[in-house]
Amino acid sequence: MVSTPHVVPGPDGAAVLRERLGDRVVSDADVARSYATDATAPPRPAPDDFTVVRARDEGDVVAVLEHAQATGTPVVPQGARTSRAAGAGALDGAIVLNVEALGGVRDLDPLEGLAVVGPGLVNADLKAAAAAAGLFYGPDPASWRTCTIGGNVATNAGGLCCVKYGVTADWVTALRVVLPGGEVMRTGHRTAKGVAGYDLTGLLVGSEGTLGVVTEVVVRLRPAPDPALTALGVFDSLDAAVAGVAALRADRHRPCLLELMDRTSVRAVQAFGDHGFPDDAEAVLLVQADRPGHVAQDVARYAELLSAAGATDVAVADDEQESQALLEGRRVMSTAFEAMGGRIAEDVCVPVGRLADLVRGIQAVATDEQVLVPVGGHAGDGNLHPSIVYDPTDPDAVRRAMRAFDRIVRLAWSLGGTMTGEHGVGALKAPWLEEELGRAEVARQRRLKAVFDPGGIMNPGVVFEA
Ligand SMILES: Cc1cc2nc3c(=O)[nH]c(=O)nc-3n(C[C@H](O)[C@H](O)[C@H](O)COP(=O)(O)OP(=O)(O)OC[C@H]3O[C@@H](n4cnc5c(N)ncnc54)[C@H](O)[C@@H]3O)c2cc1C
């Protein structure tokens, strides 16, 4: 069904919001609809009744949250809508508050090694601004060319280089946040150290838009590494590939990228375009070095470690161009899976020592449920993204895919892991949260949410079931 979003939920609310925000309230139904869904696979249907506000400054955010609190209207904070966890899609009767226009680098201080940025700044643009000053911002979700820093903060995003540089939380030092009712809150510090009071920055990073709307982010910057070089290892045994992961992680100079693709992923990527992976590989590992002054030496050592672990073939890039070419197959992985049909994207994370058990367990689930499940992702962190591929027009296939999804979550738990390493709980995995954390813990977290959001208007149904 084609939905026709209302301009503003509630008869009085419409007039009030329009009066305060004018054309920031989207009045064109087609434009509004383009803000209704995010990148969750499978896509969620858009509701009929929602409003889109495109904030231009913090004052607009304050106005929306004052209005929302007063009228009990749900608010969905929104960045670039690349959420994989159904965290940023419109809800029935809600205001979708898009903050992409609150971008820009507001300050960059090389002495302190920090940047102050708007939440709408695209991750790649922050990296570029840091690089122009000879500095480096680490977190690099595979969606880095489109996703925003606000979205990264809200999901505590990871990415390909976490194995060396950590996740978003490791880089965020202070925030400005607008709370329900419109109060502006500041957390954290801009100094190198700061331990006054509770770490509310840490609480807000990863809160998935359920506590408030981030309107400014202070991030740490580090001296820039050297351009990375890539090595590729091809394996005819999964255990050997996982032994390679362990050896590379244990290296004194840890790689800045350590990614795995299993045999189904390799075939899926090769079917999408020739990226030079042998079709009969059981697994491939991609590894990168970027240590200033030692890149060639490190990547050569990584290549030796790959061979020692049992790689049947190892390729090492000599320059940046070759390096990018070797990595391209991994970069197109998600698109290659999408081209295969309906899919559910997973995000489980286990202790690195249990990786082989995870991949083998997933392969067994795929066989049992007669679905295709290519597995790839951030092996260096134990964080993989199995994609359950199925025919969405076949009700039985949909049932089997959903069963596979549930079984993979339980498999991760049984191996000492979590159902989400970096995409977040969203609405997608909210039904599983209590099983992972326990009833008492979820009740405690709900009480914590109520401190910030007593009316429960912030992104209801995300993280906690509504
Ligand atoms: C191809 C592809 C690859 C991806 N690869 C990775 C990866 O490697 N690592 C990874 O971690 N993720 C990855 N993702 C998921 C996604 O890109 C991240 O979750 C990203 O952080 C979302 O940013 P966004 O700007 O798109 O936010 P949105 O999708 O718009 O929102 C995400 C969540 O943040 C909240 N939010 C957004 N902005 C604010 C704000 N200013 N204040 C408060 N809450 C806010 C939303 O309510 C929602 O809950 C990938 C997604 C795609 C499509």
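Is Cys161 buried or exposed? Cys161 is buried, with a relative accessible area of 6%. Before I go on, please keep in mind that this is a predicted model.

Let me stay with the cysteines. A search of the whole structure turns up zero disulfides. For a disulfide, the two sulfur atoms would have to be within 2.5 Å. Cys256 is in no disulfide either. The nearest cysteine sulfur to Cys256 is that of Cys161, 7.0 Å away. Cys256 also counts as buried, with a relative accessibility of 5%.

Next, the domains. The assignment for the protein chain lists domain 1 at 11-98, domain 2 at 105-223, domain 3 at 229-334, domain 4 at 340-414 and domain 5 at 429-466. How many residues of each are in contact? Twelve residues of domain 2 touch nine residues of domain 5. Between them, the two domains bury about 900 Å², and 77% of that is on carbon and sulfur atoms. On the domain 2 side, Pro180, Thr210 and Leu211 lose the most area to domain 5. Together these three residues account for 52% of what that side buries.

Last, empty space inside the model. Rolling a probe the size of a water molecule over the atoms shows where such space is left. The count here is one cavity of 30 Å³ or more, and the largest cavity has a volume of about 30 Å³. Which residues line the largest cavity? They are Arg84, Ala85, Ala345, Glu346, Asp347, His423, Gly424, Leu428 and Lys429. Sorted by class, that lining has four charged, three nonpolar and two polar residues.

That is the end of my part.

Technical notes:
Residues are numbered from 1 along each chain as its sequence is written. This is a predicted model: local features need pLDDT of at least 70, side-chain atom pairs count only at pLDDT 80 or more; totals for chains, interfaces and linings use all residues. Side-chain values use heavy atoms; hydrogens and water are left out. Buried means under 20% relative accessible area, exposed over 50%, partly exposed in between (1.4 Å probe, protein chains only). On a 1 Å grid over the protein atoms alone, a cavity is a set of points where a 1.4 Å probe fits but cannot get out, and a pocket is an open set with protein on both sides within 12 Å along at least five of seven lines; lining residues have an atom within 4 Å of a point. Grid points are joined across faces, edges and corners, and a volume is the space filled by probe spheres set on the points. Ala, Val, Leu, Ile, Met, Phe, Trp, Tyr, Cys and Pro count as nonpolar, Asp, Glu, Lys and Arg as charged, and the others, Gly among them, as polar. Domain bounds come from an automatic or database domain assignment. Contact means heavy atoms within 4.5 Å. Buried area is the accessible area (1.4 Å probe) that two parts lose on being put together, summed over both.
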